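Biologist: I'd like to learn how to read a model like this, feature by feature. Can you walk me through it?

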Amino acid sequence: MLGTFILNWDTLLPKVMVVLGTCMVTQLAFIKVGKAHESSWMSSLITALGLCLLFRANDLNTLAFASVLSISSKFFFRIRGKHLFNPANLGIIGTLLITQDGWISPGQWGSSVIFLFIMGALGSILLFRVGRLDTTMAFLIAFFVLEYCRTVLYLGWSMDVLIHKFSSGSFILFAFFMITDPKTTPDHPWARKIWAVSIAVLAFIMSTWAYIHTAPIWALFLITPLTAVFDLLWKSERFRWLKERNLNPI
Amino acid sequence: MKKVSVITAIMLFCIGAHAFCGFYVAKADATLFNTKSQIILVRDGERSVITMSNDFKGDVKDFAMVIPVPVVLGRNDIRVVNPALFSMLDSYSAPRMVEYWDTEPCLRYMECDEMIDVRSMSMVPIMAREESVSRKDKQYHVTVEARYDVEEYDVLILSAKESGGLKQWLIHNGYKIPEGAEEVLDPYIKNGLKFFVVKVDLEEMKARNTEYMRPLQIEFNSGKFMLPIRLGMANADGDQDMIVYAFTRQGRVECTNYRTVKLPTDRNIPAFVKEKGQFGPFYKDLFTKAYDREGRNSVFLEYAWNVTPNFGMKCDPCVGPPPMYQEFVDAGANWIDPNNPNNSPIFFTRLHVRYNRDEFPQDLFFQVTPNMEHFQGRYVVTNAATGDMSCSGGQEYLKELEMRRKKEVDELAALTGWKSPRYASYIYQYSAGIHEPKRNEGLPFIPWSTGGTVAGIMALALGFVVRRRKKALQLENA
């Protein structure tokens, strides 16, 4: 809605419909064959939202492909009951590599202060409820410290340059809504913080020396499979969605 | 050592791909502010070719330009190109006005909407200037990495260890650096950038018997795809405009750290905008309004099209002939196969940036995307039909014309902010020809129009159905 009516994105509606529809249909197919619980269809909406917010493509088929890839990854790439990759993240990276038709527009959400405030507030409320606000905070603080040291202390740019970097709408969406997926973050709070910091460090290196504008998304793709290792090293109670808890009381 | 008092007025103009953007230095003439610059940017993998227009209008001996570059350029990486390339690309891709004529409603078998005239909003060039240089100076920690004679230009590639030394070196060698430049030079130096310093070879200019300086083109390989606009803001006073003509194999070029937005396009505007000299101010105000509306921190897309020669239509309408093989080669698109140029893919993006220090704290970073969607800035004027309007079709046409012109005037106000009581004469120009309808005589409740007729018939049908339903219920009850 914001993209269509305020940011004037073109032909957004058909693309959103394709992503939402394909994600839902794929999820329902896995429910039908008994791979997923009936209550899991809501999670496909979250994946679809991530794709709509961060991924773009010329062809509707490319978007459909990314949607199928995202949802399917939840069932094909699993380890000890958790997803090996963040579904939307894998869908984006996989489609970028395979089709050559999609792209991420890091600047598409602009750097409006109001937008940042709304996204930050909504994200904080949501993450507080699911207990993953620590992941976002660890990522943001680590990235900010690294960027501050290089951009301001070393290079000598003024603070507004740093603030502009951090006011990117896409960056904020990533920090609040992509890396915090409970099914792909480590279970232990300290493990999550270290995991998030390692994503920040890798993203910083990739953006600074490899000039990759979408570095955080690639860093998440590379670090997420290590979640299983973090879970082995730091054991803690596994996250369950509310409905799962009700259906399968511990 | 030649000493020149130099400077300033920097206009930085940015350049493209790898951290570049330089500034023009003008000799103590503060009037030489950069207000608009043009750059051709070719990107293929990590290879960048950047061509900078040179619209310097002062005394050539005062000309000088400093541009940060990512690597020490070789002699073969620096060229001069034909200035006609810029005017060709500008006029071809500029936002355009298209004119249509209404058909006469009381004549039959007439073709409608025949496009006739096209005008473009061309750019106005800019200027700048500068002066001389020296060589390695240990005291300033500045090293002259290379020195080249490139046609009418003398080129030096400098490296520095800290901004203070570079600044002092430039001053010592006759350049006057603008206030604020030092704080911008420092980050570029620490980022490992070199400085491409250009002045005019007066002997060569004399030999060429001209004072006109051709555009400079540089080429290099780097992962960074950016324009260092901050350097050009060092002595800038207010907003600066920059037009970027970008060519890639894959698709559109877009900015990664600022929003890239489309200009309002395909809008119907009043026919008086086509009057001599009106389209220029119209587009200027349209751009300013769009710039304000988008928060003054966006990059505007003015044109995007697959210009591969065998692709077919490349604009609607085209303002001039499309760029072909020679233009692509001149711009630096070296992937064009000379044996099969018509099938070598090439995509043209035109971006317009208006920037200033407050709204654009970061340099411009770009990326090449597979986005192949076409776009052009296009504004439509439609001329009213003339002739006999006495027939019913003519009367309908005049009423619709009045309504259409109201919308056009509203659109004009929305696009540019132009409002005037005088526009009423445009709206009602042909309204005198509308005769009061002798309508609805004897049938006061049935509106005399197609829509009204349909509505009336539907109302009658509904009444008929309701009546039958009532009768059926009565029969059932009976």
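This is a predicted model: local features need pLDDT of at least 70, side-chain atom pairs count only at pLDDT 80 or more; totals for chains, interfaces and linings use all residues.

Biologist: Where does Lys194(B) sit in the chain B fold, and which residues is it in contact with beyond its neighbours within four places in sequence?

Modeller: Lys194(B) belongs to strand β11, residues 194-200 of chain B. Setting those sequence neighbours aside, its contacts are Val69(B), Val71(B), Val72(B), Glu145(B), Ile157(B), Leu158(B) and Ser159(B). As for distances, Tyr153(B) is 41 residues from Lys194(B) in sequence, and their C-alpha atoms are 18 Å apart in space.

Biologist: Let's zoom out to the whole of chain B. How many helices and strands are there, and what percentage of its residues count as buried?

Modeller: Chain B has 10 helices and 22 strands. Out of 478 residues, 45% count as buried. And if you take the contacts in chain B with a separation of 6 or more, 80% of them link residues 24 or more positions apart.

Biologist: Now helix pairs. How do I describe two packed helices?

Modeller: The general idea is that you give the angle between the axes and the distance between them. The crossing of α2(A) past α3(A) is right-handed.

Biologist: Which residues of α2(A) and α3(A) meet?

Modeller: From α2(A) you have Val16(A), Val19(A), Leu20(A), Cys23(A), Met24(A), Gln27(A), Leu28(A) and Ile31(A). They meet Trp41(A), Ser44(A), Thr47(A), Ala48(A), Leu51(A) and Cys52(A) in α3(A). By class, that contact has 11 nonpolar and three polar residues, with no charged ones.

Biologist: What about a helix on its own, say α4(A)? What span should its 17 residues have?

Modeller: Helix α4 of chain A covers residues 60-76, and at 1.5 Å a residue it should span 24 Å; the end C-alpha atoms are 24 Å apart, which agrees. Then look at what is buried: Thr62(A), Leu63(A), Phe65(A), Ala66(A), Ser67(A), Leu69(A), Ser70(A), Ile71(A), Ser73(A) and Lys74(A). The cover over those buried residues of α4(A) includes α2, α3, β1 (56-57), β3 (82-83), α5 (87-99) and β4 (102-103) of chain A.

Biologist: Is Asp266(B) buried or exposed?

Modeller: Exposed, because Asp266(B) has 11 C-beta neighbours inside 10 Å.

Biologist: Last one: how is the size of an interface often given?

Modeller: Often as the accessible area lost when the parts come together. For this model we can count residues: the contact takes 24 from chain A and 25 from chain B. On the chain A side, helix α8 (residues 159-166) gives the largest share, four residues. By class, that side has eight nonpolar, 13 polar and three charged residues.

Note on methods: Residues are numbered from 1 along each chain as its sequence is written. Chains are lettered from A and ligands numbered from 1 in the order in which they are written. Two residues are in contact if their C-beta atoms, placed from the backbone, lie within 7 Å. Helices (H or I, at least four residues) and strands (E, at least two) are DSSP runs, numbered from the N terminus. Ala, Val, Leu, Ile, Met, Phe, Trp, Tyr, Cys and Pro count as nonpolar, Asp, Glu, Lys and Arg as charged, and the others, Gly among them, as polar. A residue is buried if 20 or more other C-beta atoms lie within 10 Å of its own, exposed if 12 or fewer, and partly exposed in between; C-beta atoms are placed from the backbone. A crossing is left-handed if the near helix is turned anticlockwise from the far one by less than a right angle, and right-handed if clockwise. The expected span of a helix is 1.5 Å times one less than its number of residues.
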